[in-house]
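This report is written for a reader meeting the structure for the first time. Please look over the sequence and the model below before reading on.

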Amino acid sequence: MTKRPESETSTTGPSRRGVLMGATAAAMTASLFTPKTLRAADFPTAEVNTTGLAVTDDAVTIGILHSITGTMSISETGSVQAEKLAIEQINAQGGILGRKIEYIQEDGASDWPTFAEKSRKLLVQDKVASVMGCWTSASRKAVLPVFEQHNGFLYYPTFYEGLEQSPNVIYTGQEATQQIIAGLDWVAREKGAETFYLLGSDYIWPRTSNKIARKHIENFLGKRVLGEEYYPLGHTQFNSVINKIRLRKPDVIYAIVVGGSNVAFYKQLKAAGIDMTEEKPLLLTISVTEDEIRGIGGENIEGAYACMKYFQSLDNENNIEFVKAFKEMWGDDMVIGDVTQAAYLGPWLYKAAVEKAGSFDVDKVREASPGIELDTAPEGYVKVHENHHLWSKTRVGRAQADGQYDVVFETADLVEPDPFPEGYQ
Amino acid sequence: MSDVSTPDPRQSRLFTASELLGYLVLAAVIFIVLPSVLDAFRLNLFGKYLSYAFVAIGLVLCWGVGGILSLGQGVFFGLGGYCMAMFLKLEASTPENTSIQSTPGIPDFMDWNQLTELPWWWVPFNSLTFTVVAIVVVPVILAFIIGFAMFTRRVGGVYFAIITQAIAAIATILIIGQQGFTGGVNGITDLRTLMGWDIRPDSAKTALYFVNGVLLFAVLFVAHMILKSKAGRLMIAIRDREDRVRFSGYNVANFKIFVFCAGAAFAAIGGAMFTLQVGFISPTLVGIVPSIYMVIFCAVGGRLSLLGAVYGALLVNWAQTTFSESFPELWLLAMGALFIAVVMAFPLGLAGLYDDYLKRHIDRLLAPVDRMMMRRAARKTSPKAPAPTAQAAE
């Protein structure tokens with residue numbers, strides 16, 4: 001297929017070819033308004049798809065793989081919604097290389113073997129060009145060998161523990177050092193914190209994060225850690241640790257409690273008379289986004305600080321647009337947390353990488369990915385690092401009774417992702 | 001005892017014609033039909049389903065025949081799977097592969113949890129022989145301890161089911177809590193080779209499918225032998241009238257412990273095959289929910305039938321995959337409807353349907369074969385007697 005003469009694009013007809021022409025014409029009309037739009041005809045399928053992916057003359061198929069049933073569905077639904085919004089917006093702009101994005105959605109069912117099974121199905125049977133998916137570390141670990149074996153390409157949205165850098169994954173959330181270090185520096189500098197109490201749910205992310213936090217507190221800040229404790233996922237009895245906190249009187253409670261345990265933890269904290277608005281002690285978390293506050297209740301967590309890269313209340317044009325579009329599509333009562341925003345970046349980063357590479361081939365997309373910039377991201381400008389993570393700012397927000405965060409601090413520059421931090425191992 | 005002294009000749013033979021036909025059909029399905037109609041990816045999925053069939057076979061023995069409902073088979077499945085995974089993980093964690101770690105040469109999750117050397121109880125899993133033995137022996141020892149503690153105290157029925165469920169919960173919490181030693185919630189992932197043989201490509205998955213099939217038949221055969229043995233018949237007696245068997249002088253507890261251990265061993269073999277075929281193991285396969293799923297496979301297939309259990313595991317898992325691919329939002333409801341339908345409409349599962357509608361016709365068709373087999377068996381045991389005699393020697 002070569003570039004067709006302009007006159008031919010006006011022919012219309014019922015044939016597949018005619019439809020294709022029509023689509024091209026439509027894309028051209030659109031291009032009057034958005035100069036960036038690319039035409040599929042300029043990128044013949046045979047050239048942009050040499051490895052047999054599900055890319056046709058007018059569509060590219062990608063996979064969405066999240067839990068929409070089971071315990072994780074509450075968290076992952078926001079990611080699915082954000083990804084679908086991004087896909088719709090990209091399609092409205094003419095798609096990727098002139099091809100509409102179609103998606104096949106699979107349910108990981110909060111079950112790691114199911115994630116592995118479905119990812120294999122998406123890659124082997126559906127030949128999807130890329131996958132937006134996973135949430136928990138466990139699900140990512142389960143699908144990782146599958147993606148590496150079948151050379152798939154995954155956009156993973158969650159803030160996570162780091163210690164990983166797969167050629168087949170782009171990590172659109174923050175890795176642990178990005179999220180932790182700036183927050184600890186801030187609390188030590190601005191709040192004069194001297195003593196910390198670390199606690200978390202018992203699995204890899206809180207443990208690794210607290211390991212990094214402890215090293216930073218003790219070795220780099222020269223402050224003290226008074227205690228470090230872990231509770232099983234789903235644990236709901238936090239009274240003993242709350243009593244210990246009252247006895248030891250740390251300046252900062254550093255909490256990485258996840259999932260349903262959050263609800264019990266913050267309610268019990270409040271019931272025990274620890275008023276977070278007084279900041280004695282101050283509570284700093286890296287695991288509570290706006291989504292979790294919906295379950296916890298704004299009045300139970302009011303005054304706590306959270307450290308991550310995105311809050312729904314961010315005041316910039318990209319974000320105002322994004323929040324508006326999200327609520328239009330999914331309803332006014334929706335809230336948008338850090339991971340939801342990171343999930344929204346996935347399709348956009350993919351589009352940018354494919355168009356930079358001029359190809360859907362995974363190897364070429366991988367090669368093109370580092371250095372991809374996105375100045376339309378709701379969180380602001382982001383850039384893909386050589387190590388497949390994103391350069392991003394770190395922000396501290398203060399929880400308010402209405403369930404939103406008030407942004408009180410943000411790093412001046414983008415923080416470099418460092419999944420294998422020296423001195424923190 | 002009158003049953004034992006004059007056994008039904010059909011029962012005392014190792015296989016009746018219709019049983020033999022059933023095994024042949026299953027063998028044809030597993031070794032010929034599925035591999036020829038499915039691509040490598042789907043075949044691997046069926047291999048995974050078949051690894052659950054091991055558990056279901058064990059449950060037919062424990063629950064259907066022995067009347068011991070265990071809601072904790074996931075523990076044994078998981079132990080087998082973890083033993084296999086430990087060996088594979090150690091093989092994958094060469095110092096070269098793990099050079100970015102603080103302590104190269106140990107599994108990655110240990111390094112993340114600040115462990116600096118391999119725990120002593122991981123060390124023997126460097127040996128494949130030890131691992132293969134451990135896959136069966138470790139779960140059997142646990143089953144023996146549980147069985148000994150429960151059955152000698154005459155704990156049974158629903159109490160036993162609740163205790164096994166509690167054990168499943170404890171096992172999950174233990175695995176998740178000790179993540180430095182077990183990989184925690186993530187489980188043991190990123191398994192690569194078995195004695196240098198890459199288990200990840202399609203060719204290896206297909207080979208493992210056939211290994212799995214052969215092992216399944218070996219387990220079916222052993223289970224069949226147990227059913228046909230005196231112990232098997234005593235188990236049925238215990239299930240139906242435990243007191244009478246006890247008053248007849250049998251130690252009921254020993255039989256129960258035996259059948260519970262057998263079920264655990266089968267489940268463990270299935271778990272090891274699961275790990276090999278799926279490429280990882282995690283606590284989500286150990287807990288209460290998967291254990292109950294396993295009981296459902298058995299119930300759908302028919303808890304009195306070994307073959308039914310295999311078909312049940314295949315059908316339920318296949319339905320689960322298909323529903324969830326077609327209706328990602330609705331599949332759980334569809335599965336629920338399927339289970340309710342099975343329990344309400346055919347409480348003895350697929351095997352019950354077969355017995356009610358098909359078995360008569362097939363038996364009639366097979367009657368001449370059956371008679372021939374019976375005559376031959378009779379000639380072999382007592383050449384002078386014209387009719388099949390009771391095998392009193394048994």
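How many residues does helix H12 of chain A have, and how far does the helix reach from its first C-alpha to its last? Helix H12 (residues 317-330) of chain A has 14 residues and reaches 20 Å, close to the 20 Å expected at 1.5 Å a residue, where the expected span is 1.5 Å times one less than the number of residues. Helices (H or I, at least four residues) and strands (E, at least two) are DSSP runs, numbered from the N terminus.

This is a predicted model, in which local features need pLDDT of at least 70 and side-chain atom pairs count only at pLDDT 80 or more, while totals for chains, interfaces and linings use all residues. Residues are numbered from 1 along each chain as its sequence is written, and chains are lettered from A and ligands numbered from 1 in the order in which they are written.

The buried residues of H12(A) are Asn319(A), Phe322(A) and Phe326(A); a residue is buried if 20 or more other C-beta atoms, placed from the backbone, lie within 10 Å of its own, exposed if 12 or fewer, and partly exposed in between. Seen down the axis of H12(A), these buried residues fall within an arc of 60°, so they line one face of the helix, the arc being that of the directions from the helix axis to the C-beta atoms. They pack against helix H3 (73-92) and helix H13 (338-357) of chain A, whereas the face turned away from the buried side carries the exposed residues Glu317(A), Ile320(A), Lys324(A) and Glu328(A). After H12(A) comes Gly331(A), whose phi is positive, near 115°.

The domain assignment of chain A, which is automatic or taken from a database, gives two entries.

| Domain of chain A | Residues |
|---|---|
| Domain 1 | 43-174 + 317-391 |
| Domain 2 | 176-308 + 394-410 |

Their centres, taken over C-alpha atoms, are separated by 30 Å. The contact between them takes 14 residues from domain 1 and 14 residues from domain 2, two residues being in contact if their C-beta atoms, placed from the backbone, lie within 7 Å. On the side of domain 1 that touches domain 2, H3 and H13 of chain A each supply at least two residues.

In chain B, Phe151(B) is found in helix H7 (residues 128-151). Phe151(B) is buried, with 21 other C-beta atoms within 10 Å, and touches Ala253(B), Lys256(B) and Ile257(B), not counting residues up to four places away in sequence.
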